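Here is a short report on one protein model. Please keep the structure open while reading.

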Amino acid sequence: MSVPGLLERVDWRATASLLARRTLPRRADYAGLRGSWRADAVAGLTVAIVALPLALGFGVTSGLGATAGLVTAVVAGAVAAIFGGSQLQVSGPTGAMTVVLIPIVARYGPESVAVVSIMAGGLVILGGLVGLGRLVAYIPWPVVEGFTLGIGVVIALQQVPLALDTPKAGGENAALVALRTLGHVDWLAALPALGIVALVIAIMTLLPRVNRALPASLVAVVAATLLVELTGLGVDRIGALPSSLPAPSVPMASVETTSALFSAALAVAALAALESLLSARVADGMADDIPRTQPNRELVGQGLANVASGLFGGMPATGAIARTAVNVRAGARTRMSALLHAAVLAAIVYAAAPWVARIPLSALAGVLLVTAARMIDLPTARSICRSGRSGALVFLLTLGATVVFDLVMAVEIGIAVAAVLALRAVARASGLHREEIPASDVEAVGVADEHALLNEHIALYRIDGALFFADVRRFLDELAQVADVRVVVLRLSSINVLDTSGANALAEVVADLQRRGIVVLLKGLRPEHRRVVESVGVLAELQHHHHLFTDLDDAIEHARSHVRRGQGDRLPTGAGPHPRA
């Protein structure tokens, strides 16, 4: 049928209705709010207090400024809370996204980020509509942990210029920029900033041991700001912030610029989808009695959040694992807590912008250094490295690629290596085994010579596990060694995986053996494998369509009949079908 014909047969109204039910907000999103609004309000306020210094810090680190971080936390946080597929996810600027944005800002300029955010948002929405949300379940654990630890390392490296109150060296790679910055730093001038960093780290480390209810990051930033104000230390501050959110506007870019930014938008979209779905999975694991995340709706919500953030001059956003975890621990029950977190941050923009502008940049660097350190889970890293060479290799390659290249490439490398190692393990578990010919009740007892002759000229092989592209050459080589045999019986019932390459290999085996005058009988073809076998032409290669059996005894008896008749190619002309064949 032609494409126009297929399009005419699609029930577009039903399709649109189905997509709307799966991706748009509904009343059920706020079920139970009447009984949980107090807990949601406390959780929203708690998350906002934690998110404020992080949003400011990630905005500054990305090169876009603290305003961009705040706008993103407010706008993207609110849109994702309303439209997302997770009840407890908190979205906003994240460290992982700054790792991707820094090269984009360096290459195309800060004004390009809004365009990238809108383009990436559109791609994420498309991914949700076509159902890509469930693919995150196939990302191996060592890849996720290597990716997370690598992000922690990169975030820490990005803080070197801010922690030293020193201009950032040129470049895109965080490790190289940190090394170049260390090469021209004035250590005497950097001492006040280092002292502030040390104070923030000390407060954030020690305060939770005294009182876990206090927001350690906010207390640390307030203490550092008061110290600078009272002592007059000459360190860089955040600077003037707007007293309100900017008006939305569509960023203008030429066709050439938009085309050049597409690869950057693709990387941002991949990261936004990946990190958001991983964060939502963390929330699902922490709250057992909350409805599970709808992954495709979550992608649509995150895509809309990125489009909105770009329109308001913010930066790309994702689900934030740390803030989501705080939200769950604070007792949140519905998505209202994430929405309130955005509202509180908006109130801070309107009411406290002059105070926020006085925060030292080195204080934000201290907050992010502690955040990075908490992402580096050494016990988990040791567990993975001790679990086996395959897991350790995937983990270390993902970690190294995250630090040396970028996050998207790191995930691609990790998944590719994990896939190759998994296929290698499956191939090793598969095998081709020659079996003894079972005794026949109808065979004349005591005719030892005939029994020996039959066993000598009939080969019975069992294929175990998987027959796919990784096994093709090995199976072909093993069966090519068959000699002095008139009939080969291939048992297929133990094959679990049969792909197109494996079926093609089976067709080559049948054709090769029969060119050498050896009859091939197939036994136990599974119903789920029949389509691929027929499509590739395996059955067409058989000398007779009755050479496919469901019963082993029938197949062996048919093989014996070939040997007894002294021929190894075809049934006699006019012979009827073999019983039960």
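The model is predicted.

**Pockets**

| Pocket | Volume | Lining residues | Largest share of lining |
|---|---|---|---|
| Largest pocket | about 1,500 Å³ | 43 residues | H7, seven residues |
| Second largest pocket | about 710 Å³ | 36 residues | H5, seven residues |

Nearest the centre of the largest pocket lie Ala 322, Ala 325, Val 326, Arg 329 and Arg 374. Its lining holds 27 nonpolar, eight polar and eight charged residues. Elements that each supply at least two residues to this lining include H3, H7, helix H14 (321-329) and H16.

For the second largest pocket, the residues closest to the centre are Val 99, Val 100, Ile 102, Pro 103 and Glu 172. Two or more lining residues come from each of H3, H5, H7, H8, H9, H12 and helix H18 (389-404). By class, the lining has 22 nonpolar, eight polar and six charged residues.

**Helix H16**

Helix H16 spans residues 361-375. From first C-alpha to last it reaches 21 Å, close to the 21 Å expected at 1.5 Å a residue. Eleven of its 15 residues are buried, so H16 is largely enclosed by the rest of the structure. Among the buried residues are Leu 361, Leu 364, Val 367 and Leu 368. The buried residues of H16 pack against helices H3, H7, H8, H10 and H11.

**Asp 165**

Asp 165 sits in the loop between H8 and helix H9 (174-183). Its phi is near 55°, a positive value in a residue other than glycine. Most residues other than glycine have a negative phi. Asp 165 counts as partly exposed because its relative accessibility is 22%.

How values were computed:
Residues numbered from 1 in each chain as written. Predicted model: local features only at pLDDT ≥ 70, side-chain atom pairs only at ≥ 80, totals over all residues. Heavy atoms only, no water. Helix = DSSP H or I, 4+ residues; strand = E, 2+ residues; numbered from the N terminus. Expected span 1.5 Å × (residues − 1). Buried < 20%, exposed > 50% of the residue type's maximum accessible area, 1.4 Å probe, protein only. Contact = heavy atoms within 4.5 Å. 1 Å grid on protein atoms, 1.4 Å probe; cavity = no way out; pocket = protein on both sides within 12 Å on 5 of 7 lines; lining within 4 Å. Points joined across faces, edges and corners; volume = space filled by probe spheres on them. Nonpolar A, V, L, I, M, F, W, Y, C, P; charged D, E, K, R; others polar.
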